Amino acid sequence: MTTSIRPRTLVSLALLSLISASALAADDSFVGKWKLNPDKSQFNGLPYKIEDAGGGQYRFIFGDDVETLTLDGKGHVTKYGETWSIKATGPSSWESITKRDGKVTLKSKWTISEDGKTFTTVDENMRPDGSTGRSESTLQRTDGTSGLAGTWESASVKIMSPLSIEMAKWQKDGYSLMNPVYKQHLHFKLDGKDYTPTGPRVANGTSVSASKSDDHNMELTYKLKGKTTDTHRWELSADGKTLTETITYAGVSKPEVDVYDRE
């Protein structure tokens, strides 16, 4: 999901879709090339909370992810190693910029409607291969009256640049995931052990473990420095043409559902 106010996404806009897609691995029917289908996916209903922390600071909360920033355009280092800055560009508008190693990776424009009920974010993700991914998200206020502070719920997400991933066999009983756009790789086995993904957007301390329940279902657990950040349950359709990924974020009760089609 691409809503830029989520700290997890700010760290790596595509990390969830790219690395977590490593779950495509119960048997050879998972091997191949897959493309995210935004129309079939479900990104709505996820809660985001922004609190006024006093002293010009705001606390951004998504489940167990919490980051506190001053909205002055100065960089704040997140727990994922990205530098995040936010500054006001008008009475009800802001610019959010994320950097890694000094390079801009995500630029977002935030706007709150005159009645204070709608939060819109337009995002540009500068990908490692030189291309730009674009998305637009709308959130509805469920608590609070005006400004950024309050509770917001995702209402619509439009992804203009859906990604493709490739899965191949690795060491006979293992699998290898590659995403050329993000130059990310993950070699893993479904043995419950921790494996380390590689790539320019992967946060230091990230690990992934995987296990399968049967030939059409498996679960991956993502950790940052040993602490679980999210779990991903994958289901392969009976005809082998669709993969459904149900993502549960730590501290969030409602899951996100991403659907991939075989190319």
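Lys225 is found in the loop between β17 and β18, where strands, like helices, are DSSP runs numbered from the N terminus (helices being H or I with at least four residues, strands E with at least two). Phi of Lys225 is near 55°, a positive value in a residue other than glycine. At 66% relative accessibility, Lys225 counts as exposed, because exposed means over 50% relative accessible area, buried under 20%, and partly exposed in between (1.4 Å probe, protein chains only). A positive phi is also seen in Gln171, a residue other than glycine, with a value near 50°, and Gln171 is found in the loop between β12 and β13.

The model is a predicted one, in which local features need pLDDT of at least 70 and side-chain atom pairs count only at pLDDT 80 or more, while totals for chains, interfaces and linings use all residues. Residues are numbered from 1 along each chain as its sequence is written, and side-chain values use heavy atoms, with hydrogens and water left out.

The secondary structure of the protein comes to two helices and 20 strands, and buried residues make up 49% of its 263 residues.

Ten strands form an open sheet in the order β4-β3-β2-β11-β10-β9-β8-β7-β6-β5, with antiparallel pairing; two strands pair if DSSP finds at least two bridges between them. The edge strands of this sheet, each pairing on one side only, are β4 (65-70) and β5 (76-77). Strand β3 (residues 57-62) is joined to β4 in the antiparallel sense over six bridges, and the bridge partner of Arg59 in β4 is Thr68.

Strand β16 pairs with β15 (residues 194-195) through two bridges, the two running antiparallel, and Asp194 stands opposite Ser209 in β16. Eight bridges join β16 to β17, again antiparallel, and these two strands form a hairpin with two residues between them; Lys212 stands opposite Met218 in β17. Ser209 is buried, with a relative accessible area of 11%, and, when its neighbours within four places in sequence are left aside, Ser209 is in contact with Gly192, Lys193, Asp194, Glu219, Leu220 and Thr221.

A nonpolar core is a set of buried Ala, Val, Leu, Ile, Met, Phe, Trp, Tyr and Cys residues joined through side-chain atoms within 4.5 Å. In the largest such core, which has 22 residues, Trp34, Phe188, Leu220, Leu243 and Tyr260 touch the most other members. Eight strands, β1 (32-36), β11 (150-159), β12 (164-170), β13 (174-179), β14 (184-189), β16 (206-214), β17 (217-224) and β18 (227-236), each supply at least two residues of this core, and β17 gives the most to it, with three residues. Apart from this core lies another, of 19 residues, among them Tyr48, Leu69, Trp94 and Val252.

A pocket is defined on a 1 Å grid over the protein atoms alone, as an open set of points where a 1.4 Å probe fits, with protein on both sides within 12 Å along at least five of seven lines, and its lining residues have an atom within 4 Å of a point. About 180 Å³ of space lies in the largest pocket, the volume being the space filled by probe spheres set on grid points joined across faces, edges and corners. Its lining consists of Arg100, Asp101, Lys103, Val104, Thr105, Met126, Arg127, Pro128, Pro200 and Arg201, and strand β8 (residues 103-112) gives the most to this lining, with three residues. The lining divides into four nonpolar, one polar and five charged residues, where Ala, Val, Leu, Ile, Met, Phe, Trp, Tyr, Cys and Pro count as nonpolar, Asp, Glu, Lys and Arg as charged, and the others, Gly among them, as polar.

Technical notes
Contact = heavy atoms within 4.5 Å.
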